[in-house]
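Colleague: Hi, could you walk me through this one? I'd like to hear about a helix and some charged pairs.

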Amino acid sequence: MFAVTSTPAACVRAADLVAGDKRAGRIFRSVGSIQSRATHHRQSRGASLTVSAEFSIGKLTSVLAKKTKGDLERVFKGTSKTREKLSYMDEVLALWNIDGLEDTLDELEDTLLSVDFGPTTAMNILDVIRTRCEAGEIKTGAEVKAALKKAIVDILVRANDGKEGAAPLRLNDGDGPSVIMVVGVNGGGKTTTVGKLSHRFAEESGAKVMLVPGDTFRAAAAEQLAAWAERSNGVMAEYKEGMKPGALCYTAVDEAIKMGDIDIVLADTSGRLHTNCDLMDELAGIKKSIGKRMEGSPHEVALVLDGTTGLNMLNQAREFNKMVDVTGIILTKLDGTARGGAVVSVVDELGVPVKFVGVGEAIGDLQTFDPVSFVDALFPEDEPTE
C-alpha cells in the first residue's frame, strides 16, 4: 500500500537501459550568450564584488536562527493542506477515553498516514503515546495531542544532535569559501533553491556568493542560474561548453579560491533519478572532484526533496545519502501538498536534519526550518475539548 514498504532495486546501470543517451549534446543552449552576460555582469558590478567587512560565518548562522522565528507565519500558510487533514485529530481526541486507548491510537495512526507519515514512523510516535498513557502520565485528549506533537518534535530535534532550533549549516571556518553542493531528483526545484539561498545569504549576512552551473544536462539550467545570479547580486562561475560536471565544479571552486572575495559557493547539479546508478556514480564523482580542489569540501551536501512526492522521497533520500552523505535536507513545494508528514519519516530513518523549507514561489519563501514551529504549523491551534 505504501511505497516505502517495498524497496526496489537501488539503481539501474546504463547497460540495462536503452542506448542513446544524448546528454553530451544537450549541455548548454546559447552558451555563448549566457557566458557573455555572466562575464559582463561580473565585470560591470565593480564595487559590488567587494567583500562585506561585516560578513562572518557566526553572523550568518545567528541571522538565520533569529529569522526562523519571523518565518512562522509563512510556514503556517504553506502547510494549510496538510493541517486541514490533520484537523480530524481534534474530533478523535474530543471523545478521548482511556478505556478506548487502542481504538483512539488506531484512528490517530490513520490520520498520520493520511498525510504520509510513514508506517514505521507513525508506529514509533504512537508507541510513545501508548507508553505514557499506560504509565498514567497522560489523562486528557489535550495531553495526548501535546504528547504527540512533542514526539514528532523529538524526532526532528534528534537529527540536530538533540539541539532545539534551526540546524546550522556546515560551513568552512578556515581559509577559503564555504562550498554547498545541492543535489536531488529531476523537477524538485534545485536551481530555484540555489537562487533563493544566494539571495538569503547575500541579503541577510552580506555574503558574497558564487553560483555554479553544475547542471550540464538541462538545456536552460545555466541561463536560469545566470538570471538568479544577477537577481541575487551573486557571481556566476565561469564555464566552457562541453565541460563535464565534475571538472566544471572543480574549476569553479578553484576560481572562487583565487578570487579571494567569495564567501560561499553554491554548486547546482543535474537532477537525476535515484534508480540510475550511472548518474548516481557521476554525482559521487562531482563531490570527489570538489574535494580534490579544496580539502574537506563540499562542507554541506543539501538534498532537495519535493514535498508533493510524499513517501516516495524516502527511497530517494536513502540512495542520495548512500552516494554523497547528505548533511541537510531542503523541503520544497510544501505549500502545494497535503503530504507534509513524509519528511518526518526521512529524518526519522536517516537522522539528517531539515535546514530549509519552501512554502511558496516568491524569492522570500525559502524559510529556515525550526522543528517546533513546523509542528505547530502542522497541527490545528484549537485544542480538543475534554
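Modeller: Happy to, and we'll take the helix first and then the salt bridges.

Colleague: What kind of model is this, and how are residues numbered?

Modeller: This is a predicted model, where local features need pLDDT of at least 70, side-chain atom pairs count only at pLDDT 80 or more, and totals for chains, interfaces and linings use all residues. Residues are numbered from 1 along each chain as its sequence is written, and side-chain values use heavy atoms, with hydrogens and water left out.

Colleague: Good. How far apart are the end C-alpha atoms of α9?

Modeller: They are 22 Å apart in α9, which covers residues 190-205. Helices here are DSSP runs (H or I, at least four residues), numbered from the N terminus.

Colleague: How many of its residues are buried?

Modeller: Twelve of the 16 residues in α9 are buried, so the helix is mostly covered. Buried means under 20% relative accessible area, exposed over 50%, and partly exposed in between (1.4 Å probe, protein chains only). Among the buried ones are V194, L197 and F201, along with K190, R200 and E204.

Colleague: What follows α9?

Modeller: G206 does, and its phi is positive, near 75 degrees.

Colleague: Switching to charges: how many salt bridges turn up in the whole structure?

Modeller: The search finds 16, counting a side-chain nitrogen of Lys or Arg within 4 Å of a carboxyl oxygen of Asp or Glu. Side chains of opposite charge can pair when their charged atoms come close.

Colleague: Which residues are linked in a network?

Modeller: E102, D127 and R130 are. R130 bridges to E102 with the closest N and O atoms 3.0 Å apart. That pair links distant parts of the chain, with R130 in α7 (residues 119-134) and E102 in α6 (residues 101-114), 28 residues apart. R130 also meets D127 at 2.8 Å, N to O, and those two both lie in α7, three residues apart, about one turn of the helix.

Conventions. The expected span of a helix is 1.5 Å times one less than its number of residues.
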